[in-house]
Amino acid sequence: MRSLHILFAALLFAMPAKAEEIVLGLSQDEVAITATFEGSHILIFGAVKRDGTETVEGDLGVIITVSGPKTPITVRRKERKYGIWINADSVEVDAAPSFYSVSTSGPLEAVLKGVEDLRHSITIPHAIRSVGATVEDSKAFTEALIRIRSDARLYSTFIGTVDIEEETLFRTAINLPSNITEGDYETRIFLTRGGVVIDEYDTIIPVEKVGIERWLYRMAQDNAVLYGLMSLAIAIAAGWGASAAFAALRR
Amino acid sequence: MLIYLPIAEVSVNAFLLLGLGGIVGVLSGMFGVGGGFLMTPLLFFIGIPPAVAVATEANQIVASSFSGVLAHFRRKTVDFKMGFVLQAGGLVGSGLGILVFNYLKALGQVDLLVKIFYVVFLGAIGGMMFVESINAIRRTSKGKAAPKRRKHNWVHNLPFKMKFRVSGLYISVIPPLLVGMAVGVLAAIMGVGGGFIMVPAMIYLLGMPTKVVVGTSLFQIILVTAFTTMLHATTNHTVDIALALLLLIGGVIGAQIGTRIGVKLKAEQLRILLAVMVLGVCIKLSFDLLLTPSELFVLGVAGGH
(Lines give C-alpha, C1' and ligand atoms only; values in the text may rest on other atoms or scores of the structure.)
Protein backbone atom coordinates (compact mmCIF):
# COMPACT_ATOMS: atom_id res chain seq x y z
CA MET A 1 0.00 0.00 0.00
CA ARG A 2 2.78 2.32 0.97
CA SER A 3 4.72 1.53 -2.20
CA LEU A 4 1.64 2.40 -4.23
CA HIS A 5 1.54 5.81 -2.57
CA ILE A 6 5.15 6.42 -3.51
CA LEU A 7 4.46 5.37 -7.09
CA PHE A 8 1.54 7.78 -7.26
CA ALA A 9 3.59 10.61 -5.87
CA ALA A 10 6.37 9.87 -8.33
CA LEU A 11 3.91 9.90 -11.24
CA LEU A 12 2.47 13.21 -10.13
CA PHE A 13 5.94 14.63 -9.84
CA ALA A 14 6.97 13.34 -13.29
CA MET A 15 3.99 15.07 -14.91
CA PRO A 16 4.68 18.77 -14.74
CA ALA A 17 1.43 20.48 -13.92
CA LYS A 18 0.48 22.67 -16.86
CA ALA A 19 -1.18 25.95 -16.10
CA GLU A 20 -2.65 26.07 -19.59
CA GLU A 21 -3.61 23.14 -21.80
CA ILE A 22 -5.10 22.64 -25.28
CA VAL A 23 -8.50 21.02 -25.81
CA LEU A 24 -9.11 20.31 -29.49
CA GLY A 25 -11.85 19.68 -32.01
CA LEU A 26 -11.80 19.01 -35.76
CA SER A 27 -14.56 19.54 -38.32
CA GLN A 28 -13.64 16.20 -39.88
CA ASP A 29 -11.25 13.58 -38.58
CA GLU A 30 -10.38 12.15 -41.99
CA VAL A 31 -10.18 13.33 -45.61
CA ALA A 32 -11.39 11.11 -48.43
CA ILE A 33 -9.91 11.52 -51.92
CA THR A 34 -12.69 10.62 -54.31
CA ALA A 35 -12.62 10.70 -58.12
CA THR A 36 -13.99 14.25 -58.08
CA PHE A 37 -11.77 15.48 -55.23
CA GLU A 38 -11.30 19.24 -55.52
CA GLY A 39 -9.45 19.87 -52.29
CA SER A 40 -10.83 20.12 -48.80
CA HIS A 41 -11.23 22.48 -45.86
CA ILE A 42 -10.58 21.31 -42.34
CA LEU A 43 -11.80 23.45 -39.51
CA ILE A 44 -9.52 23.17 -36.48
CA PHE A 45 -10.87 24.66 -33.28
CA GLY A 46 -10.16 24.36 -29.62
CA ALA A 47 -9.96 25.98 -26.25
CA VAL A 48 -7.32 26.73 -23.67
CA LYS A 49 -8.04 24.89 -20.40
CA ARG A 50 -6.69 26.64 -17.30
CA ASP A 51 -6.18 25.33 -13.77
CA GLY A 52 -6.05 28.84 -12.35
CA THR A 53 -2.33 29.12 -11.72
CA GLU A 54 -0.98 31.59 -14.26
CA THR A 55 2.71 30.72 -14.27
CA VAL A 56 4.12 31.96 -17.59
CA GLU A 57 4.48 35.61 -18.54
CA GLY A 58 3.81 37.02 -21.99
CA ASP A 59 1.12 37.19 -24.66
CA LEU A 60 -0.82 34.10 -25.70
CA GLY A 61 -0.18 32.65 -29.16
CA VAL A 62 -1.45 29.65 -31.10
CA ILE A 63 0.42 27.98 -33.98
CA ILE A 64 -1.10 25.14 -35.99
CA THR A 65 0.93 23.00 -38.40
CA VAL A 66 -0.39 20.31 -40.73
CA SER A 67 2.19 18.05 -42.34
CA GLY A 68 1.76 15.44 -45.04
CA PRO A 69 3.80 12.21 -45.08
CA LYS A 70 7.54 12.86 -45.15
CA THR A 71 9.60 11.31 -47.91
CA PRO A 72 13.19 11.70 -49.07
CA ILE A 73 13.50 14.02 -52.07
CA THR A 74 16.31 14.60 -54.53
CA VAL A 75 16.69 18.23 -55.57
CA ARG A 76 18.62 18.60 -58.79
CA ARG A 77 20.09 21.77 -60.26
CA LYS A 78 20.28 22.34 -63.99
CA GLU A 79 23.53 23.48 -65.49
CA ARG A 80 24.47 24.44 -69.01
CA LYS A 81 26.70 21.70 -70.42
CA TYR A 82 27.55 21.20 -74.08
CA GLY A 83 25.20 24.09 -74.85
CA ILE A 84 22.09 22.51 -73.33
CA TRP A 85 20.60 22.63 -69.85
CA ILE A 86 20.96 19.31 -68.05
CA ASN A 87 20.57 18.14 -64.44
CA ALA A 88 23.94 18.40 -62.71
CA ASP A 89 24.44 18.75 -58.91
CA SER A 90 21.92 17.17 -56.61
CA VAL A 91 21.13 17.28 -52.91
CA GLU A 92 19.22 14.58 -51.03
CA VAL A 93 16.71 15.99 -48.59
CA ASP A 94 16.18 13.24 -45.99
CA ALA A 95 12.61 14.04 -45.10
CA ALA A 96 10.40 16.59 -46.79
CA PRO A 97 6.66 16.64 -46.12
CA SER A 98 4.49 16.29 -49.21
CA PHE A 99 2.30 19.07 -47.79
CA TYR A 100 3.00 21.58 -45.04
CA SER A 101 0.98 24.43 -43.70
CA VAL A 102 1.70 26.76 -40.79
CA SER A 103 -1.02 29.00 -39.38
CA THR A 104 -0.34 31.46 -36.58
CA SER A 105 -2.39 33.79 -34.43
CA GLY A 106 0.04 36.67 -34.91
CA PRO A 107 3.38 37.75 -36.42
CA LEU A 108 5.94 34.94 -36.16
CA GLU A 109 8.43 37.05 -34.13
CA ALA A 110 5.71 37.66 -31.56
CA VAL A 111 4.34 34.14 -31.16
CA LEU A 112 7.47 32.02 -31.65
CA LYS A 113 11.08 32.43 -30.55
CA GLY A 114 13.79 31.17 -32.90
CA VAL A 115 15.10 28.64 -30.42
CA GLU A 116 11.59 27.20 -29.88
CA ASP A 117 11.08 26.97 -33.65
CA LEU A 118 14.30 25.00 -33.89
CA ARG A 119 13.36 22.67 -31.04
CA HIS A 120 9.87 21.86 -32.33
CA SER A 121 10.61 22.15 -36.10
CA ILE A 122 7.66 24.45 -36.70
CA THR A 123 8.32 26.78 -39.64
CA ILE A 124 8.81 25.34 -43.14
CA PRO A 125 12.64 25.55 -43.32
CA HIS A 126 12.90 23.72 -39.99
CA ALA A 127 10.29 21.10 -40.93
CA ILE A 128 12.55 19.91 -43.76
CA ARG A 129 15.42 17.74 -42.64
CA SER A 130 18.55 17.79 -44.74
CA VAL A 131 21.83 16.37 -43.55
CA GLY A 132 24.89 15.10 -45.34
CA ALA A 133 24.63 17.49 -48.25
CA THR A 134 27.75 17.25 -50.37
CA VAL A 135 27.25 20.36 -52.47
CA GLU A 136 28.64 23.64 -51.15
CA ASP A 137 25.55 25.82 -51.39
CA SER A 138 23.08 23.16 -50.24
CA LYS A 139 20.93 25.93 -48.73
CA ALA A 140 19.97 27.01 -52.26
CA PHE A 141 18.62 23.50 -52.86
CA THR A 142 16.35 23.42 -49.83
CA GLU A 143 15.23 26.95 -50.66
CA ALA A 144 14.37 25.73 -54.17
CA LEU A 145 12.39 22.81 -52.71
CA ILE A 146 10.37 25.25 -50.59
CA ARG A 147 9.90 27.64 -53.53
CA ILE A 148 8.69 24.91 -55.93
CA ARG A 149 6.31 23.38 -53.39
CA SER A 150 5.05 26.84 -52.37
CA ASP A 151 4.28 27.64 -56.01
CA ALA A 152 2.32 24.39 -56.20
CA ARG A 153 0.37 25.60 -53.11
CA LEU A 154 1.71 22.61 -51.13
CA TYR A 155 3.77 24.63 -48.63
CA SER A 156 2.23 27.71 -47.11
CA THR A 157 2.47 30.00 -44.12
CA PHE A 158 -0.58 31.94 -42.96
CA ILE A 159 0.22 34.70 -40.50
CA GLY A 160 -2.62 35.78 -38.26
CA THR A 161 -5.21 33.32 -39.56
CA VAL A 162 -5.77 31.66 -36.19
CA ASP A 163 -8.48 33.65 -34.38
CA ILE A 164 -8.25 33.80 -30.62
CA GLU A 165 -11.29 34.92 -28.69
CA GLU A 166 -11.30 35.96 -25.07
CA GLU A 167 -7.81 34.46 -24.64
CA THR A 168 -9.53 31.07 -24.56
CA LEU A 169 -11.14 29.92 -27.81
CA PHE A 170 -9.17 29.56 -31.04
CA ARG A 171 -10.07 28.46 -34.54
CA THR A 172 -8.65 28.29 -38.06
CA ALA A 173 -9.44 26.69 -41.42
CA ILE A 174 -6.80 24.63 -43.20
CA ASN A 175 -7.13 24.45 -46.96
CA LEU A 176 -5.97 21.17 -48.52
CA PRO A 177 -5.41 21.68 -52.29
CA SER A 178 -6.56 19.14 -54.88
CA ASN A 179 -3.02 17.93 -55.62
CA ILE A 180 -2.32 16.36 -52.20
CA THR A 181 -1.24 12.74 -51.88
CA GLU A 182 -2.57 10.17 -49.44
CA GLY A 183 -1.10 9.42 -46.06
CA ASP A 184 -1.32 10.37 -42.40
CA TYR A 185 -1.37 14.15 -41.98
CA GLU A 186 0.27 15.04 -38.70
CA THR A 187 -1.48 18.00 -37.09
CA ARG A 188 0.26 19.86 -34.28
CA ILE A 189 -1.13 22.69 -32.20
CA PHE A 190 1.28 24.77 -30.15
CA LEU A 191 0.25 27.09 -27.36
CA THR A 192 2.83 29.80 -26.71
CA ARG A 193 3.32 32.55 -24.15
CA GLY A 194 5.82 35.26 -25.05
CA GLY A 195 7.07 33.06 -27.89
CA VAL A 196 7.77 30.04 -25.66
CA VAL A 197 5.86 26.80 -26.25
CA ILE A 198 3.89 25.94 -23.10
CA ASP A 199 1.74 23.12 -24.52
CA GLU A 200 1.64 20.95 -27.62
CA TYR A 201 -1.23 18.81 -28.87
CA ASP A 202 -0.68 16.25 -31.66
CA THR A 203 -3.24 14.42 -33.72
CA ILE A 204 -3.37 12.54 -37.02
CA ILE A 205 -5.76 13.32 -39.87
CA PRO A 206 -5.73 10.38 -42.31
CA VAL A 207 -6.05 11.34 -45.98
CA GLU A 208 -7.09 8.35 -48.06
CA LYS A 209 -8.18 7.51 -51.55
CA VAL A 210 -11.60 5.90 -51.40
CA GLY A 211 -13.89 4.03 -53.75
CA ILE A 212 -12.70 3.54 -57.30
CA GLU A 213 -9.58 5.67 -56.70
CA ARG A 214 -8.42 3.32 -53.95
CA TRP A 215 -9.38 0.21 -55.91
CA LEU A 216 -7.45 1.27 -59.02
CA TYR A 217 -4.41 2.43 -57.07
CA ARG A 218 -4.18 -0.76 -55.03
CA MET A 219 -4.68 -2.87 -58.14
CA ALA A 220 -1.91 -1.04 -60.01
CA GLN A 221 0.43 -1.74 -57.10
CA ASP A 222 -0.60 -5.25 -56.00
CA ASN A 223 -1.95 -6.82 -59.19
CA ALA A 224 0.17 -5.08 -61.80
CA VAL A 225 -0.25 -7.78 -64.46
CA LEU A 226 -4.02 -7.84 -64.15
CA TYR A 227 -4.12 -4.03 -64.11
CA GLY A 228 -2.01 -3.87 -67.28
CA LEU A 229 -4.26 -6.40 -69.02
CA MET A 230 -7.34 -4.45 -67.93
CA SER A 231 -5.86 -1.21 -69.35
CA LEU A 232 -5.25 -3.00 -72.66
CA ALA A 233 -8.73 -4.54 -72.70
CA ILE A 234 -10.31 -1.10 -72.20
CA ALA A 235 -8.12 0.39 -74.94
CA ILE A 236 -9.01 -2.35 -77.42
CA ALA A 237 -12.72 -2.23 -76.54
CA ALA A 238 -12.77 1.57 -76.99
CA GLY A 239 -10.90 1.35 -80.30
CA TRP A 240 -13.26 -1.33 -81.59
CA GLY A 241 -16.31 0.52 -80.24
CA ALA A 242 -15.45 3.81 -81.95
CA SER A 243 -14.74 2.08 -85.26
CA ALA A 244 -17.99 0.09 -85.10
CA ALA A 245 -20.05 3.11 -84.03
CA PHE A 246 -18.80 5.30 -86.87
CA ALA A 247 -19.18 2.46 -89.37
CA ALA A 248 -22.83 2.15 -88.26
CA LEU A 249 -23.30 5.94 -88.62
CA ARG A 250 -21.98 5.85 -92.19
CA ARG A 251 -24.64 3.34 -93.27
CA MET B 1 -15.17 19.11 -63.86
CA LEU B 2 -12.05 18.14 -61.94
CA ILE B 3 -11.01 14.51 -61.82
CA TYR B 4 -8.41 13.19 -59.38
CA LEU B 5 -6.18 10.76 -61.29
CA PRO B 6 -5.42 7.74 -59.09
CA ILE B 7 -1.88 7.05 -60.34
CA ALA B 8 -0.70 10.50 -61.45
CA GLU B 9 -2.03 11.84 -58.11
CA VAL B 10 -3.02 15.18 -59.58
CA SER B 11 -6.39 16.73 -60.16
CA VAL B 12 -7.11 17.79 -63.74
CA ASN B 13 -10.08 19.03 -65.71
CA ALA B 14 -11.83 16.08 -67.40
CA PHE B 15 -13.02 18.23 -70.32
CA LEU B 16 -9.47 19.47 -70.92
CA LEU B 17 -8.33 15.85 -71.29
CA LEU B 18 -11.27 14.95 -73.55
CA GLY B 19 -10.49 18.04 -75.65
CA LEU B 20 -6.77 17.27 -75.88
CA GLY B 21 -7.60 13.68 -76.85
CA GLY B 22 -10.03 14.99 -79.46
CA ILE B 23 -7.62 17.49 -81.05
CA VAL B 24 -4.75 15.01 -81.20
CA GLY B 25 -7.23 12.39 -82.47
CA VAL B 26 -8.28 14.69 -85.35
CA LEU B 27 -4.64 15.26 -86.29
CA SER B 28 -3.79 11.56 -86.06
CA GLY B 29 -6.79 10.65 -88.21
CA MET B 30 -5.76 13.24 -90.79
CA PHE B 31 -2.13 12.18 -91.04
CA GLY B 32 -2.28 8.46 -90.16
CA VAL B 33 0.07 8.76 -87.18
CA GLY B 34 -0.58 7.72 -83.58
CA GLY B 35 -0.23 11.28 -82.31
CA GLY B 36 1.85 10.24 -79.31
CA PHE B 37 4.60 12.67 -80.25
CA LEU B 38 2.11 15.53 -79.74
CA MET B 39 0.18 14.13 -76.79
CA THR B 40 3.10 13.23 -74.53
CA PRO B 41 4.61 16.78 -74.51
CA LEU B 42 1.10 18.20 -74.00
CA LEU B 43 0.63 15.93 -70.96
CA PHE B 44 3.97 17.16 -69.55
CA PHE B 45 2.71 20.69 -70.09
CA ILE B 46 -0.53 20.23 -68.10
CA GLY B 47 1.43 18.81 -65.16
CA ILE B 48 1.19 15.03 -65.52
CA PRO B 49 4.42 13.48 -64.15
CA PRO B 50 6.60 12.45 -67.16
CA ALA B 51 6.79 8.77 -66.14
CA VAL B 52 2.99 8.56 -65.96
CA ALA B 53 2.53 10.50 -69.21
CA VAL B 54 4.86 8.18 -71.16
CA ALA B 55 3.33 4.94 -69.80
CA THR B 56 -0.28 6.07 -70.17
CA GLU B 57 0.25 7.41 -73.66
CA ALA B 58 1.45 3.96 -74.77
CA ASN B 59 -1.89 2.57 -73.58
CA GLN B 60 -3.87 5.27 -75.38
CA ILE B 61 -2.06 4.53 -78.66
CA VAL B 62 -3.24 0.91 -78.41
CA ALA B 63 -6.81 2.25 -78.55
CA SER B 64 -6.38 4.71 -81.43
CA SER B 65 -4.28 2.28 -83.50
CA PHE B 66 -6.75 -0.54 -82.94
CA SER B 67 -9.56 1.75 -84.05
CA GLY B 68 -7.59 2.58 -87.20
CA VAL B 69 -6.34 -0.91 -88.06
CA LEU B 70 -9.84 -2.42 -88.25
CA ALA B 71 -10.52 -0.59 -91.51
CA HIS B 72 -7.27 -1.97 -92.91
CA PHE B 73 -8.19 -5.52 -91.83
CA ARG B 74 -11.35 -5.25 -93.94
CA ARG B 75 -9.40 -3.95 -96.96
CA LYS B 76 -6.76 -6.70 -96.46
CA THR B 77 -3.97 -4.13 -96.47
CA VAL B 78 -2.10 -5.56 -93.47
CA ASP B 79 1.05 -7.62 -94.07
CA PHE B 80 0.87 -9.88 -91.01
CA LYS B 81 4.15 -11.67 -91.73
CA MET B 82 6.02 -8.36 -91.99
CA GLY B 83 4.14 -7.17 -88.90
CA PHE B 84 5.35 -10.13 -86.86
CA VAL B 85 8.97 -9.77 -88.03
CA LEU B 86 8.89 -6.05 -87.14
CA GLN B 87 7.30 -7.05 -83.86
CA ALA B 88 10.06 -9.56 -83.04
CA GLY B 89 12.53 -6.70 -83.32
CA GLY B 90 10.08 -4.44 -81.49
CA LEU B 91 9.95 -6.65 -78.40
CA VAL B 92 13.75 -6.58 -78.05
CA GLY B 93 13.67 -2.82 -78.63
CA SER B 94 10.96 -2.21 -75.99
CA GLY B 95 12.90 -4.25 -73.46
CA LEU B 96 16.09 -2.28 -74.20
CA GLY B 97 14.16 1.00 -74.09
CA ILE B 98 12.69 0.24 -70.66
CA LEU B 99 16.15 -0.71 -69.35
CA VAL B 100 17.63 2.57 -70.61
CA PHE B 101 14.59 4.50 -69.29
CA ASN B 102 14.90 3.03 -65.79
CA TYR B 103 18.68 3.43 -65.70
CA LEU B 104 18.44 7.12 -66.64
CA LYS B 105 15.57 7.61 -64.21
CA ALA B 106 17.96 6.50 -61.48
CA LEU B 107 20.52 9.05 -62.72
CA GLY B 108 17.88 11.80 -62.85
CA GLN B 109 18.42 12.33 -66.56
CA VAL B 110 15.25 10.76 -67.94
CA ASP B 111 13.59 14.09 -68.79
CA LEU B 112 16.68 15.12 -70.70
CA LEU B 113 16.80 11.83 -72.60
CA VAL B 114 13.12 12.03 -73.56
CA LYS B 115 13.50 15.64 -74.71
CA ILE B 116 16.66 14.97 -76.73
CA PHE B 117 14.97 12.02 -78.43
CA TYR B 118 12.04 14.25 -79.31
CA VAL B 119 14.19 17.09 -80.65
CA VAL B 120 16.44 14.83 -82.73
CA PHE B 121 13.71 12.66 -84.23
CA LEU B 122 11.06 15.31 -84.73
CA GLY B 123 13.68 17.64 -86.22
CA ALA B 124 15.04 15.02 -88.63
CA ILE B 125 11.68 13.60 -89.74
CA GLY B 126 9.93 16.98 -89.89
CA GLY B 127 12.79 18.52 -91.86
CA MET B 128 12.94 15.65 -94.33
CA MET B 129 9.20 15.63 -94.85
CA PHE B 130 9.09 19.41 -95.28
CA VAL B 131 11.80 19.45 -97.96
CA GLU B 132 10.30 16.41 -99.70
CA SER B 133 6.78 17.84 -99.86
CA ILE B 134 8.00 21.28 -101.00
CA ASN B 135 9.80 19.51 -103.86
CA ALA B 136 6.70 17.47 -104.65
CA ILE B 137 4.55 20.61 -104.81
CA ARG B 138 7.13 22.31 -107.08
CA ARG B 139 7.18 19.29 -109.38
CA THR B 140 3.40 19.11 -109.70
CA SER B 141 3.20 22.85 -110.40
CA LYS B 142 5.82 22.43 -113.15
CA GLY B 143 3.83 19.49 -114.50
CA LYS B 144 6.63 16.91 -114.18
CA ALA B 145 6.00 13.36 -112.97
CA ALA B 146 7.50 12.28 -109.62
CA PRO B 147 10.80 10.40 -110.03
CA LYS B 148 10.43 6.64 -109.70
CA ARG B 149 11.71 5.08 -106.46
CA ARG B 150 14.79 2.91 -106.70
CA LYS B 151 13.66 -0.71 -106.38
CA HIS B 152 16.99 -2.15 -105.30
CA ASN B 153 19.45 -0.86 -102.75
CA TRP B 154 21.96 -2.29 -100.27
CA VAL B 155 19.09 -3.63 -98.14
CA HIS B 156 18.33 -6.23 -100.81
CA ASN B 157 21.82 -7.79 -100.69
CA LEU B 158 21.71 -9.06 -97.08
CA PRO B 159 21.37 -12.77 -96.11
CA PHE B 160 18.37 -14.62 -94.49
CA LYS B 161 15.89 -13.76 -97.22
CA MET B 162 12.20 -14.21 -96.62
CA LYS B 163 9.10 -13.87 -98.79
CA PHE B 164 6.47 -11.25 -97.81
CA ARG B 165 3.53 -12.02 -100.09
CA VAL B 166 1.19 -9.13 -99.19
CA SER B 167 3.98 -6.59 -99.69
CA GLY B 168 5.28 -8.43 -102.75
CA LEU B 169 8.81 -8.48 -101.33
CA TYR B 170 11.61 -11.06 -101.14
CA ILE B 171 14.13 -9.48 -98.78
CA SER B 172 16.43 -10.25 -95.84
CA VAL B 173 14.79 -10.29 -92.39
CA ILE B 174 17.62 -8.19 -90.89
CA PRO B 175 16.38 -4.71 -91.96
CA PRO B 176 12.78 -5.24 -90.74
CA LEU B 177 14.14 -6.64 -87.46
CA LEU B 178 16.37 -3.58 -86.98
CA VAL B 179 13.60 -1.14 -87.94
CA GLY B 180 11.24 -2.90 -85.49
CA MET B 181 13.85 -2.75 -82.77
CA ALA B 182 14.55 0.95 -83.28
CA VAL B 183 10.84 1.75 -83.10
CA GLY B 184 10.50 -0.43 -79.96
CA VAL B 185 13.24 1.56 -78.20
CA LEU B 186 11.53 4.82 -79.18
CA ALA B 187 8.11 3.57 -78.07
CA ALA B 188 9.42 2.74 -74.61
CA ILE B 189 11.45 5.93 -74.11
CA MET B 190 9.23 8.50 -75.81
CA GLY B 191 5.82 6.98 -75.11
CA VAL B 192 4.97 7.04 -78.80
CA GLY B 193 3.89 4.39 -81.25
CA GLY B 194 6.69 5.37 -83.60
CA GLY B 195 4.46 5.61 -86.68
CA PHE B 196 6.14 8.80 -87.80
CA ILE B 197 9.43 6.88 -88.04
CA MET B 198 8.02 3.48 -89.03
CA VAL B 199 6.10 4.74 -92.06
CA PRO B 200 9.04 6.48 -93.82
CA ALA B 201 11.35 3.56 -92.90
CA MET B 202 8.99 1.01 -94.46
CA ILE B 203 8.61 3.06 -97.65
CA TYR B 204 12.17 4.23 -98.15
CA LEU B 205 14.27 1.50 -96.44
CA LEU B 206 12.23 -1.67 -96.94
CA GLY B 207 10.59 -0.61 -100.21
CA MET B 208 7.08 -1.68 -99.19
CA PRO B 209 4.15 -0.55 -101.34
CA THR B 210 2.43 2.51 -99.80
CA LYS B 211 -1.02 0.91 -99.66
CA VAL B 212 0.06 -1.75 -97.12
CA VAL B 213 2.37 0.54 -95.13
CA VAL B 214 -0.19 2.32 -92.91
CA GLY B 215 -2.13 -0.85 -91.99
CA THR B 216 1.01 -2.86 -91.26
CA SER B 217 2.52 0.00 -89.28
CA LEU B 218 -0.65 0.32 -87.18
CA PHE B 219 -0.78 -3.46 -86.65
CA GLN B 220 2.76 -3.65 -85.32
CA ILE B 221 2.38 -0.42 -83.30
CA ILE B 222 -0.50 -2.08 -81.42
CA LEU B 223 1.71 -5.02 -80.49
CA VAL B 224 4.68 -2.85 -79.46
CA THR B 225 2.65 -0.36 -77.43
CA ALA B 226 0.64 -3.15 -75.77
CA PHE B 227 3.92 -4.75 -74.71
CA THR B 228 5.28 -1.36 -73.55
CA THR B 229 2.09 -0.76 -71.54
CA MET B 230 2.52 -4.11 -69.79
CA LEU B 231 6.20 -3.43 -69.04
CA HIS B 232 5.46 0.03 -67.60
CA ALA B 233 2.48 -1.34 -65.64
CA THR B 234 4.48 -4.16 -64.06
CA THR B 235 7.85 -2.45 -63.46
CA ASN B 236 6.96 1.19 -62.74
CA HIS B 237 3.21 1.01 -61.92
CA THR B 238 2.78 4.26 -63.83
CA VAL B 239 -0.12 3.49 -66.22
CA ASP B 240 -3.03 5.73 -65.20
CA ILE B 241 -6.15 4.02 -66.44
CA ALA B 242 -8.42 7.00 -65.66
CA LEU B 243 -6.17 9.34 -67.65
CA ALA B 244 -5.97 6.85 -70.52
CA LEU B 245 -9.74 6.44 -70.61
CA LEU B 246 -10.42 10.19 -70.84
CA LEU B 247 -7.78 10.66 -73.53
CA LEU B 248 -8.90 7.75 -75.64
CA ILE B 249 -12.59 8.66 -75.60
CA GLY B 250 -11.66 12.04 -77.11
CA GLY B 251 -9.02 10.38 -79.28
CA VAL B 252 -11.10 7.70 -81.00
CA ILE B 253 -13.90 10.18 -81.79
CA GLY B 254 -11.41 12.80 -83.04
CA ALA B 255 -9.65 10.21 -85.21
CA GLN B 256 -12.87 9.43 -87.08
CA ILE B 257 -13.49 13.15 -87.74
CA GLY B 258 -9.86 13.65 -88.77
CA THR B 259 -10.07 10.86 -91.31
CA ARG B 260 -12.89 12.76 -93.08
CA ILE B 261 -10.95 16.04 -93.16
CA GLY B 262 -7.93 14.09 -94.42
CA VAL B 263 -9.72 12.80 -97.52
CA LYS B 264 -10.49 16.34 -98.65
CA LEU B 265 -6.85 17.49 -98.64
CA LYS B 266 -4.12 16.70 -101.19
CA ALA B 267 -1.32 14.34 -100.13
CA GLU B 268 1.38 17.04 -100.44
CA GLN B 269 -0.68 19.54 -98.46
CA LEU B 270 -1.20 16.96 -95.71
CA ARG B 271 2.47 16.11 -95.56
CA ILE B 272 3.55 19.75 -95.44
CA LEU B 273 1.06 20.49 -92.64
CA LEU B 274 2.29 17.48 -90.68
CA ALA B 275 5.91 18.54 -91.28
CA VAL B 276 5.18 22.07 -89.97
CA MET B 277 3.48 20.64 -86.89
CA VAL B 278 6.31 18.20 -86.19
CA LEU B 279 8.89 20.97 -86.59
CA GLY B 280 6.84 23.24 -84.31
CA VAL B 281 6.94 20.70 -81.46
CA CYS B 282 10.66 20.16 -82.12
CA ILE B 283 11.45 23.91 -81.94
CA LYS B 284 9.42 24.34 -78.74
CA LEU B 285 11.28 21.46 -77.08
CA SER B 286 14.71 22.64 -78.24
CA PHE B 287 14.01 26.05 -76.72
CA ASP B 288 13.45 24.25 -73.41
CA LEU B 289 16.89 22.71 -73.71
CA LEU B 290 18.73 25.79 -75.01
CA LEU B 291 17.20 28.75 -73.18
CA THR B 292 17.93 29.48 -69.54
CA PRO B 293 15.03 27.91 -67.61
CA SER B 294 13.03 30.10 -65.23
CA GLU B 295 13.40 27.46 -62.50
CA LEU B 296 16.88 25.95 -62.31
CA PHE B 297 15.93 23.30 -59.77
CA VAL B 298 13.83 20.16 -60.19
CA LEU B 299 12.49 17.74 -57.60
CA GLY B 300 12.75 13.98 -57.91
CA VAL B 301 12.06 10.93 -55.81
CA ALA B 302 15.20 10.05 -53.90
CA GLY B 303 16.81 6.72 -54.70
CA GLY B 304 15.30 6.77 -58.16
CA HIS B 305 13.48 3.45 -57.87
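1. Domain contact in chain A. In this predicted model, six residues of domain 1 of chain A are in contact with six residues of domain 2 of chain A. On the domain 1 side, strand 2 (31–33) and strand 12 (196–209) of chain A each supply at least two of the touching residues. That side of domain 1 of chain A divides into three nonpolar residues, one polar and two charged.

2. Domain layout. Domain 1 of chain A covers 15–209, and domain 2 of chain A covers 210–251. Their centres, taken over C-alpha atoms, are separated by 40 Å.

3. Chain A overall. The secondary structure of chain A comes to seven helices and twelve strands. Of its 251 residues, 29% are buried. Take the contacts in chain A between residues at least 6 apart in sequence: 72% of them join residues at least 24 apart.

4. The six-stranded sheet. Which order do the strands of this open sheet of chain A follow? The order is 2-12-11-4-7-8, and the pairing is mixed. Strand 2 and strand 8 (155–158) of chain A are the edges, each pairing on one side only. On average, neighbouring strands of this sheet are turned by 15° against each other, direction ignored.

5. Strand 4 of chain A and its partners. Strand 4 of chain A (residues 60–67) runs antiparallel to strand 11 of chain A (residues 183–193), and eight bridges join the two. Within that pairing, Val62(A) stands opposite Leu191(A). Ile63(A) stands opposite Phe190(A), also in strand 11 of chain A. Strand 4 of chain A also pairs with strand 7 of chain A (residues 100–104), in the antiparallel sense and over five bridges. There, the bridge partner of Ile64(A) is Ser103(A). In general, strands of a sheet pair through backbone hydrogen bonds.

6. Burial of strand 4. How many of the eight residues of strand 4 of chain A are buried? Seven are, and the strand is mostly covered.

7. The four-stranded sheet. A further open sheet of chain A has four strands in the order 1-3-10-9, with antiparallel pairing. Strand 1 (20–26) and strand 9 (163–165) of chain A are its edge strands, each pairing on one side only. The twist averages 20° from one strand to the next. Strand 9 of chain A is joined to strand 10 of chain A (residues 169–176) by three bridges, and the two run antiparallel. In this pairing, Glu165(A) stands opposite Leu169(A) of strand 10.

8. Met219(A). This residue lies in helix 6 of chain A (residues 211–222). Neighbours within four places in sequence aside, Met219(A) is in contact with Leu226(A) and Tyr227(A). Val66(A) is 153 residues away along the chain from Met219(A), and their C-alpha atoms are separated by 29 Å.

9. Chain B overall. Chain B has ten helices and five strands. Buried residues account for 51% of its 305 residues. For contacts in chain B between residues at least 6 apart in sequence, 80% join residues at least 24 apart.

10. Dimensions of chain B. The C-alpha trace of chain B spans about 55 × 45 × 40 Å along its principal axes. Why does the radius of gyration of chain B agree with that of a compact globule? A compact globule with 305 residues would have a radius of gyration near 19 Å, and chain B has 19 Å, so the two agree.

11. The contact between the chains. Chain B contributes 48 residues to the contact and chain A contributes 47 residues. On the chain B side, the elements giving two or more residues are strand 1 (2–4), helix 3 (50–75), helix 8 (210–235), helix 9 (241–264), helix 10 (267–290) and strand 5 (297–301) of chain B. The residues of this side of chain B divide into 33 nonpolar, 13 polar and two charged.

Terms used
Residues numbered from 1 in each chain as written. Chains lettered and ligands numbered in written order. Predicted model: local features only at pLDDT ≥ 70, side-chain atom pairs only at ≥ 80, totals over all residues. Contact = placed C-beta atoms within 7 Å. Nonpolar A, V, L, I, M, F, W, Y, C, P; charged D, E, K, R; others polar. Domains from an automatic or database assignment. Rg over C-alpha atoms; globule rule 2.2 N^0.38 Å. Buried ≥ 20, exposed ≤ 12 C-beta atoms within 10 Å, placed from the backbone. Pairing = 2+ DSSP bridges. Axes fitted to C-alpha atoms, helices over the stretch in contact; angles between N-to-C directions.
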